[in-house]
Amino acid sequence: MNILSFFIIVPLLMLAGLWASRSVNQVRGVMVTGASLLLALSVYLTIDYIGLRQAGAMEEMLFTDSISWYAPLHICYSIGVDGISVAMLLLSAIIVFTGTFASWKLQPLTKEYFLWFTLLSLGVFGFFISTDLFTMFMFYEVALIPMYLLIGIWGSGRKEYAAMKLTLMLMGGSAFLLIGILGIFYGAGGETMNLLEIAKLHIPDTMQHLFFPLIFLGFGVLGALFPFHTWSPDGHASAPTAVSMLHAGVLMKLGGYGCFRVAMYLMPEGAAMWGDVFLVLTTISVVYGAFSAVVQTDLKYINAYSSVSHCGLVLFALLMMTRTSCTGAILQMLSHGLMTALFFALIGMIYGRTHTRDVRLMGGLMKIMPFLAVGYVIAGLANLGLPGLSGFVAEMTVFVGSSQNNDTFHRVCTLIATTSIVITAVYILRVVGKILYGKVLNPDHLKLTDATWDERVAVIFLIACVAGLGLAPFWISNLISNSVEPIITQLIQ
């Protein structure tokens with residue numbers, strides 16, 4: 001059996017195991033076993049993929065397979081991965097693994113929570129291995145639907161409002177996607193939905209001009225494209241910890257991945273026509289998200305608006321359409337996925353003890369919970385781009401690649417986007433100084449405890465990944481860059 005299919009089979013077995021579980025300990029056992037297996041699979045796949053490339057495998061996608069599913073519409077279960085997909089699968093497995101430990105003590109309805117969490121994970125893994133447009137869209141929907149219940153039932157604050165707002169806006173984006181996918185299918189001759197086969201055909205320019213904005217907008221809504229980003233802060237702020245980790249760390253990456261893999265790859269003429277329009281919107285996303293984070297007082301809202309800025313940087317780099325900038329965009333997906341998962345995990349752990357996320361009500365936490373405080377400092381330094389951590393590598397690659405465009409318009413957009421670096425430093429350092437140092441504002445906080453073993457597992461694992469990507473970026477950069485090349489070649493022909 002194709003190894004990629006195990007990324008579907010394992011979550012399905014996890015769902016069956018969870019359904020049969022009769023105690024919380026059994027639920028935890030199923031989740032740890034399944035998440036560990038998915039992580040091992042992703043590591044093995046990465047090593048195997050790199051080995052095949054070094055051995056001379058030149059195909060655009062490896063581990064490909066295709067089984068006819070619905071012949072009249074040429075829908076197939078088609079799978080395959082390149083370096084970008086492999087990196088996204090590895091990121092997803094890391095977040096699912098650490099999210100399991102971050103939710104170790106979640107109550108109530110533990111079994112039901114993990115059932116929906118696993119279904120969301122199934123959709124994410126299926127999306128990244130799919131090379132058939134319809135199958136990709138199906139897994140995309142599977143990943144989105146559980147968010148409503150996960151936030152609406154296990155969330156906090158205005159959870160019903162946030163869940164409904166998120167669902168309506170993302171389903172609206174899905175409607176655009178479905179129209180665009182059908183447009184691509186019939187524009188390519190109505191004979192295949194396979195991405196690799198469609199890329200060899202030429203969709204008429206007029207159809208590209210019509211359907212490119214629908215596809216880019218449909219995926220861009222999930223990527224927090226301005227002004228369709230407003231679901232993101234509310235959704236992040238209300239979601240339970242592990243859902244915020246998976247949502248910001250992985251789910252939002254489906255947007256950037258889809259924009260690059262589907263919209264830009266299959267419709268290069270549409271990208272050439274509409275690229276500057278969307279570039280303006282992504283530049284606004286980068287700066288607007290950073291400025292919005294500065295004025296927030298809720299820890300989750302600060303990180304949520306920071307995610308709008310950093311995910312905007314992903315789309316910004318893709319639209320610059322250079323090999324370096326697009327490599328930087330994928331690195332930014334990985335970096336943001338890891339550090340925002342670390343942020344949300346730490347915020348959830350701090351909130352679970354202090355019962356507040358308001359920075360004005362916290363202070364002196366470094367002396368009370370030093371492990372969590374040090375973790376928060378490391379996450380903050382990664383977010384603001386400190387050399388040696390993942391944020392620096394990703395942002396430098398993005399801005400260097402963006403600067404390779406010589407025209408005034410692209411240079412001005414790059415200059416505006418780089419101001420987000422300064423703004424990010426402002427809100428990160430302000431929050432770190434306010435909540436971790438100085439005087440303890442609430443005497444009750446002096447009785448609080450530091451991280452438990454399960455929380456330490458999640459935090460240490462994520463910190464190791466953030467530092468690993470920052471200190472040794474070349475292996476993953478080369479993995480990504482080689483897979484970016486065919487798509488860039490398609491765009492600049």
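Modeller: A charge sits over a ring if NZ of Lys or CZ of Arg is within 6 Å of the ring centre and within 35 degrees of the ring normal. The model is predicted, so local features need pLDDT of at least 70 and side-chain atom pairs count only at pLDDT 80 or more, while totals for chains, interfaces and linings use all residues. Residues are numbered from 1 along each chain as its sequence is written, and side-chain values use heavy atoms, with hydrogens and water left out.

Colleague: Over which ring does the charged end of R357 sit?

Modeller: The charged end of R357 lies 5.3 Å from the centre of the ring in question. That ring belongs to Y351.

Colleague: How far is the charged end of R456 from the centre of the ring of F371?

Modeller: R456 has its charged end over the ring of F371. The distance to the centre of that ring is 4.5 Å.

Colleague: How many aromatic pairs does a search of the whole structure find?

Modeller: Rings of Phe, Tyr and Trp (its six-membered ring) pair if their centres lie within 6.5 Å; planes under 30 degrees apart are stacked, over 60 edge-to-face, and the rest tilted. With that rule, the search of the whole structure gives 22.

Colleague: Of what kind is the pair of F127 and F128?

Modeller: The ring centres of F127 and F128 are 5.6 Å apart. Their planes stand at 75 degrees, so the pair is edge-to-face.

Colleague: Is F127 buried or exposed?

Modeller: Buried means under 20% relative accessible area, exposed over 50%, and partly exposed in between (1.4 Å probe, protein chains only). F128 has 0% and counts as buried. F127 also has a relative accessible area of 0%, so F127 is buried.

Colleague: What is the angle between the planes of F185 and Y186?

Modeller: F185 and Y186 form an edge-to-face pair, 4.8 Å centre to centre. The angle between their planes is 65 degrees.

Colleague: Which residues form one aromatic cluster with F127 and F128?

Modeller: F127 and F128 are members of one aromatic cluster.

Colleague: How many of the 20 residues of α4 are buried?

Modeller: Helices are DSSP runs (H or I, at least four residues), numbered from the N terminus. Helix α4 covers residues 110-129. α4 is mostly covered, and its count of buried residues is 16.

Note on methods: Helix = DSSP H or I, 4+ residues; strand = E, 2+ residues; numbered from the N terminus. Expected span 1.5 Å × (residues − 1).
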